[in-house]
Amino acid sequence: MIATESLSKRFPRVTALDRLSVDVGPGVTGLVGANGAGKSTLIKILLGLSPATEGRAEVLGLDVATKGAAIRERVGYMPEHDCLPPDVSATEFVVHMARMSGLPPTAARERTADTLRHVGLYEERYRPIGGYSTGMKQRVKLAQALVHDPQLVFLDEPTNGLDPVGRDEMLGLIRRIHTDFGISVLVTSHLLGELERTCDHVVVVDGGKLLRSSSTRDFTQSTTTIAIEVTDSDEHPDGTQAMREALHARGVTVDSGSGLPGAGHILLLTAAGEDTYDLVRDTVADLGLGLVRMEQRRHHISEVFTTDTDTGTDTDTDEQRKEAVGHGS
Ligand SMILES: Nc1ncnc2c1ncn2[C@@H]1O[C@H](COP(=O)(O)OP(=O)(O)OP(=O)(O)O)[C@@H](O)[C@H]1O
C-alpha cells in the first residue's frame, strides 16, 4: 500500500523526516509518535501535497513526486485540525466533497447519506456544523475522507479532543472501515495504547526516524507482569500500602510502578502462573478491599523509546517523547 525509501524532509530549522524507509501493507496500520515526530509531514508527502527533500515514496504503486493527483483520487484524507465550514450542514459539506472528487450529483447524495449513517450522524446532519460537538465534527471529517470510496484512508489524529467514550466509538468506526468496506487505513496517534486495540500493524516514528515497524501482536506481547489497583477502606485508608504489605508477607515482591501513569496507586508484581492471580484475589478479599483492576501489563510506548532510542537525540525530541509517554495509558 505504502513504501518509502530513505525519505527525508528538512525545513530550515528542523528535520521532520530523517531517511525513513518503511513498508505498509493492507489492513489498519497505526503511525505513532510524540507530537512533532513527523507523522503529519509524512502524510502530506504521501498525498503528494508536499515534496520530500530526499528519498522516494509510493502509495498504491504510484510515485508521490509525480502522481499526487492520481493518489488523491484513490486515497481519503482526514486532516488533524478543524477545517470544517461552520455555516453549512454535514450533508451539504460531504456532498460538496463528493462532487469535488468527481461523483455525479445523485451518486454524491447517495454516498453522502450512506457514509454519514455509517459514521453515526443521523438527524444532526441537516444542522450547521458550527453547532456540532468535537466528536460530531470528527465524524464529519471522517465521512468526507470516505465518501468517494477510496482504497486507502489517512486519518491524522482522529481521536484528538474526544472524551474516552468518543474515543472508543471513533476507534470502533476506524476498525469497521476496514472490516466492513475493505478500505485500508493509516491512522496516526501519539498514544500507542489506543492504536494497540485497533491496528493490525504499528509503525513508530521518533524525531523523524523509524523506530519500529511490526505487527501489533509482536509489539504488545504480554509481559509476565501484572498490574493491580485496589480501593481504600475505613480499616485501610491506604489500600495500596496495605496490599503491598500483605503481598510482601505472602512472599510476593511488589514494585510501585514509579514512572508509570497512575503510579502510587498501582502495584506491579511478577506472575508465576495462575496461582498469582488467585493469591491477589484472596489477599484483596482478606483485607476487605475492592479490586479496581488486575491486568497483565503490555509493552508501553515508553518502553519502546527507552529500549530502542538510547542513541542520543536532541532536547526537543526528548521533551516531545516525554509528552507522548505522559499521555499514554
Ligand atoms: N511547514 C513547516 N515549516 C517548518 N517546520 C515544520 C513545518 N511543518 C512541520 N514542521 C516541523 O516538523 C516537525 C514534524 O512536524 P509534524 O507536524 O509532521 O509532526 P507530527 O508527528 O504530525 O506531530 P503533531 O501531531 O504535533 O502534528 C515538527 O518539529 C514541526 O514543527
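Predicted model: local features only at pLDDT ≥ 70, side-chain atom pairs only at ≥ 80, totals over all residues.
Trainee: How is the protein divided, to begin with?
Mentor: The division gives domain 1, covering 2–220, and domain 2, covering 223–305.

Trainee: And how far apart do the C-alpha centres of those two lie?
Mentor: The C-alpha centres of domain 1 and domain 2 are 38 Å apart.

Trainee: Moving to the open sheet, what order do its strands have?
Mentor: The 4 strands of this open sheet are ordered β2-β1-β4-β5, and their pairing is antiparallel. β2 (15–24) and β5 (62–63) are at the edges with a single partner strand each, so one side of each has no neighbour in the sheet.

Trainee: How many bridges join β1 to β2?
Mentor: Strand β1, residues 2–10, is joined to β2 by 6 bridges, and the two run antiparallel; T4, for instance, has V22 in β2 as its bridge partner.

Trainee: Switching to the ligand, which residues are around it?
Mentor: The residues around the ligand include F11, V14, A16, N35, K39, S40, T41 and E157, and the largest share of this shell, 3 residues, comes from helix α1, residues 39–46.

Trainee: How does that shell divide by residue type?
Mentor: The shell around the ligand has 4 nonpolar, 6 polar and 2 charged residues.

Trainee: Last topic: which residues of α9 are buried?
Mentor: In helix α9, residues 239–249, the buried residues are G239, T240, A242, M243, A246 and L247. These residues lie on the same side of α9 because they cover an arc of only 160° around the axis.

Trainee: What does the face turned away from that side carry?
Mentor: That face of α9 carries the exposed residues H248 and A249, while G251, which follows α9, has a positive phi near 85°.

How values were computed: Residues numbered from 1 in each chain as written. Near = placed C-beta within 6 Å. Nonpolar A, V, L, I, M, F, W, Y, C, P; charged D, E, K, R; others polar. Buried ≥ 20, exposed ≤ 12 C-beta atoms within 10 Å, placed from the backbone. Arc of directions from axis to C-beta. Domains from an automatic or database assignment. Pairing = 2+ DSSP bridges.
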